[in-house]
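Here is a briefing on the structure shown below. It is grouped by topic and meant for quick reading.

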Amino acid sequence: MTAPELSQPMPRTRKRMNATYRWWWVFQRVSGVILVVLIFTHLFVNLMMGDGVSQIDFAFVAGKWAAWYWQVIDFVMLLLAMLHGTNGMSYLINDYARSRRSRAILQAILGIAAVVIIVLGSLVIWTFEPCPVDATGAFLPGVPSGCPFN
Amino acid sequence: MTAVDTAPAQVGGVPSMTVTLRIRRLNPEGVGDHAAGEDYWEEFQVEAHATDRVLDALHKIKWEQDGSLAFRRSCAHGVCGSDAMRINAKNRLACKTLLKDLNPAKPILIEPIAGLPVEKDLIVDMEPFFASYREIMPFLMPSGPAPERERLQSPEERERFDDTTKCILCAACTTACPVFWTDGQYFGPQAIVGAHRFIFDSRDEGQWDRLEILNDKAGVWKCRTAFNCTEACPRGIEVTKAISEVKKVLNTGEI
Amino acid sequence: MIEHEYDVVIVGAGGAGMRAALESSQRARTAVLTKLYPTRSHTGAAQGGMAAALANVEDDNAEWHVFDTIKGGDYLVDQDAAEILCREAVDAVLDLEKMGLPFNRTEEGKIDQRRFGGHTRDHGQAPVRRACYSADRTGHMILQTLYQQCIRQQVEFYNEYYVLDLLLTEDPQAAAPGEEVAVAGVVSYELATGEIHVFRAKSVVFATGGAGKIFKTTSNAHTLTGDGMGIALRAGLPLEDMEFFQFHPTGLAGLGILLSEAARGEGGILRNSEGERFMERYAPTIKDLAPRDMVARAMANEVREGRGAGPHKDYVLLDLTHLEPAHIDAKLPDITEFARTYLGVEPYTEPVPVYPTAHYAMGGIPTTVQGEVLRNNTDKVTGLYAAGECACVSVHGANRLGTNSLLDINVFGRRAGIAAAEHALATAEAAPLPANGEARLVEIVERLRATASGGGTESVAGLRKELQETMDRNVQVFRTAESLAEATAVVADVKARYANVAIHDRGQKYNTDLLEALELGFLIDLAEVTVAGALAREESRGGHYREDFPTRDDDKFMKHTMAYATGEGVRLDYKPVTITTYQPMERKY
């Protein structure tokens, strides 16, 4: 009356795993930390330095985006904030949407909104003209005092 | 055992009181004014001692007022995991919750655990829950020939996964998890606890098979550290911590 | 009615059932029918450990374990069975370890062992560390590990199927000695739907656990209603040694919730109201680690003689306050939490109120060492097996030693599983099902369900309470002819009124009300044979103590009781005890 050895499923060797879900999880945490730095820097520069909130006008924005590094910083902030926010919203929709149909619709709206905002925002940052002129070639009122910058 | 005769050691010291229980009910075949499958609240009043368990109060209702009240129970002291339910909006075991720890002045709300299909009153279909558990291959997978005596394991190695060996599969954690409530897109905390118990067992060599499963869509990345599971666990397992340890292994590649 | 056919049907998914299923399902097509989800089984409530002479921490051997088991059982143990139990113990523990069971470890990484009541070195010289354990949840770990292995082997479970009847080819009491009586299958009730399912099988294994709910104060689960034993009894099979019921010394006072003997194995001390370590008077050598029957009796005696603690002087105290809190947390975390949760007592600083609680049925369905069920003193029922608490091999005799039950389920669960599968493989076709085999159950179910719409005056809970209270009062640690006569009368009265019982729930689905009524029927039958056996056994042995016959009487009662249910009530017969090595001696510790 001896028992046969219990069959053991052999463990497989370690292999490359799908990283999608892990990547999004890591992204959400890393982007969150970076965004905290970026947003507080943004708020400090715009609201605290110089004349504070009253200084913000077309000329102020144009003055910043005339420098390439401000363009890069604001673009990174735009991208991270949108991806981070969209991912978070997507979780919320998953949690609270009752049916598959409403979930699919809300996710689609969210996705489209995110793409539109990222595309528009990128266009604004990268194709920004700090010294716009009218039909005659004269600067419009309100351009920064340093125009033209070249 | 009724509430009155359970505790002679305490009788005298503990006066009896009237408690109201509001129970979320559902009869799959319909009863009275209630259609089949319709859920509704019903109130019962029972005489009980402060040191009685919620389970004792439920038994008093079933045995003295309404025999059709359906709930699962077995050991009545918190080790078999049959009677997890939502008591005052928190997942607990009815046999481990004493009336004195709830506010007896207000009705005690009792509902079935959330996220699993309700079959009758407080009884839910546990099959999806056990299916998630089976998914993570909850059994030792050693490699190589079995030794003649025991496999050696130091007390420190044994201690590494002690917390998650306490799990009694009551589903209190999984059904407290807001992510699990969304139609089965997530294995739930219990399955991860079940996997943790083997991933950190020095004798096991199937860790990467389990980790691969937990790395997938319904796996650990769904966890948003709400801590509901840790709060709900009647065995005091640090569930969220266990999940975080699994995430850490997946991120660093080291156990 | 739905019909199924398997090679082997196992009834019950606790330790014995799942251990049998692991063996059987590798060899033959096996179904496990269980009234609870497997992980709810009461094996999970076992705490202290599983005995095996591994000698990992102290000198030990299986022979000493055999002796302790026989002496602990007050010589009513069948010694051939005890030898198998103790010799296969080492492999049983090692098998579990290989399946993944997380035992506590020694510094060298081996399975750690602790002391337990009645386990001694060198035939009673001193306590020995023999219990392999995993904190104070060894049973939980065994249940989980066996369930995990069942998942791996894809064992087929029918969860929440209540087996309520057994189908045999002949009436075992009408059949002549030597004539073949074979199992044909079982009849079960599916909780979810109320459907009746008949399972035809070549082999049937009963592993249905205990019947502690015949008592009011018990460590047993609400679901431990002795269904398997009751079914066997009604099918005309005998039950062996049912008068031997173990009362665990340390139940939480008033509640009956179990506090493991490991508490004393780790150094806990029992004290009376005067603070005296009273076990020194009752068992001078091993004191608090005497076998359970002696400790339970000593505790009850202290209370009876006015040295009980508490406002009503109705319990004694389990003192752990001299142990390091860290040691308690490492070795006894669960039971100390029970004391905090249910009594509001902090075991680090206060002694815990305890009193004996009905714990374990030494008796049950008589079997051979292969788990084959006997229908009289010699004839087996072809294809029918039993293991675990519902069976009586008999390795526990008149009193089971702590940690021998987790061993029993593993050793004899395994043996029954193998024997059942091998019988199925050697059998071409299952015995034919009797015509209308399910009729008996259908009739009972329909009659009970009809009472929900009127008729019937007795309540299930009321009758159960009367039954349990009389058992607690009259058939507990101390018994006399008078107390047993009173119990006989009450049980008979409850039985008569049970015919008039009514339920509330008329539904088909999840009708737990109906099932409680059916379970009560089994409890009444089992209480009846327990009391009848106790009344007839005019001696004191192990867990059965008659104040009117306070000594063991080997001349008249060195024999197993075999109780049969007949139309005229319980018929008692007796079966000789198998003695191989150890002649009965006086039992002193």
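Strands S3, S5 and S4 of chain C form an open sheet of 3 strands in the order S3-S5-S4, with antiparallel pairing. Strands pair here if DSSP finds at least two bridges between them. Helices (H or I, at least four residues) and strands (E, at least two) are DSSP runs, numbered from the N terminus.

The model is predicted: local features need pLDDT of at least 70, side-chain atom pairs count only at pLDDT 80 or more, and totals for chains, interfaces and linings use all residues. Residues are numbered from 1 along each chain as its sequence is written, while chains are lettered from A and ligands numbered from 1 in the order in which they are written.

- S3(C) pairs with strand S5 (residues 126-132) of chain C over 2 bridges, in the antiparallel sense.
- In that pairing, C:Met50 stands opposite C:Cys132 in S5(C).
- Helix H2 (residues 62-72) of chain C packs on the sheet and touches S3, S4 and S5 of chain C. Contact means that two C-beta atoms, placed from the backbone, lie within 7 Å.
- The direction of H2 makes about 60° with that of S4(C). Axes are lines fitted to C-alpha atoms, for helices over the stretch in contact, and angles run from 0 to 180 degrees between N-to-C directions.

**Strand S14 of chain C**

- Strand S14 (residues 352-361) of chain C has 10 of its 10 residues buried, so it is largely enclosed by the rest of the structure. A residue is buried if 20 or more other C-beta atoms lie within 10 Å of its own, exposed if 12 or fewer, and partly exposed in between; C-beta atoms are placed from the backbone.
- Strand S11 (residues 245-252) of chain C pairs with S14(C) over 6 bridges, in the antiparallel sense. C:Phe247 stands opposite C:Ala358 in S14(C).
- Strand S13 (residues 316-319) of chain C also runs antiparallel to S14(C), joined by 3 bridges. Here C:Leu317 stands opposite C:Pro353.

**The largest nonpolar core**

- The largest nonpolar core has 273 residues, and C:Val9, C:Val205, C:Ile365 and C:Ala387 touch the most other members. Such a core is a set of buried Ala, Val, Leu, Ile, Met, Phe, Trp, Tyr and Cys residues joined through C-beta atoms within 7 Å.
- H16(C) gives the largest share of this core, 15 residues.
- Leaving aside neighbours within four places in sequence, the contacts of C:Ile365 include C:Phe206, C:Met229, C:Leu239 and C:Cys390.

**Two partly exposed residues of chain C**

- C:Glu538 is in the loop between helix H16 (512-536) and helix H17 (554-557) of chain C. It counts as partly exposed, with 13 C-beta neighbours inside 10 Å.
- Not counting residues up to four places away in sequence, C:Glu538 touches C:Arg546 and C:Phe549.
- C:Arg27 lies in helix H1 (residues 15-27) of chain C. This residue is partly exposed, with 18 other C-beta atoms within 10 Å.
- C:Arg27 touches C:Ala421 and C:Leu425, not counting residues up to four places away in sequence.
- C:Arg27 and C:Val8 are 19 residues apart in sequence and 9.8 Å apart in space, C-alpha to C-alpha.

**Chain B and its domains**

- Chain B comes to 7 helices and 7 strands. Its C-alpha trace spans about 60 × 45 × 30 Å along the principal axes.
- Of the 255 residues in chain B, 56% are buried.
- Chain B is divided into domain 1 (16-124) and domain 2 (127-252), with bounds from an automatic or database domain assignment.
- The C-alpha centres of these two domains of chain B lie 29 Å apart. Their contact takes 14 residues from domain 1 and 13 residues from domain 2.
- Strand S4 (residues 90-93) of chain B gives the most to the domain 1 side, with 4 residues.

**Where chain B meets chain C**

- The contact takes 47 residues from chain B and 52 residues from chain C.
- Helix H1 (54-65), strand S6 (118-120) and helix H3 (155-160) of chain B each supply at least two residues of the chain B side.
- That side has 21 nonpolar, 14 polar and 12 charged residues. Ala, Val, Leu, Ile, Met, Phe, Trp, Tyr, Cys and Pro count as nonpolar, Asp, Glu, Lys and Arg as charged, and the others, Gly among them, as polar.
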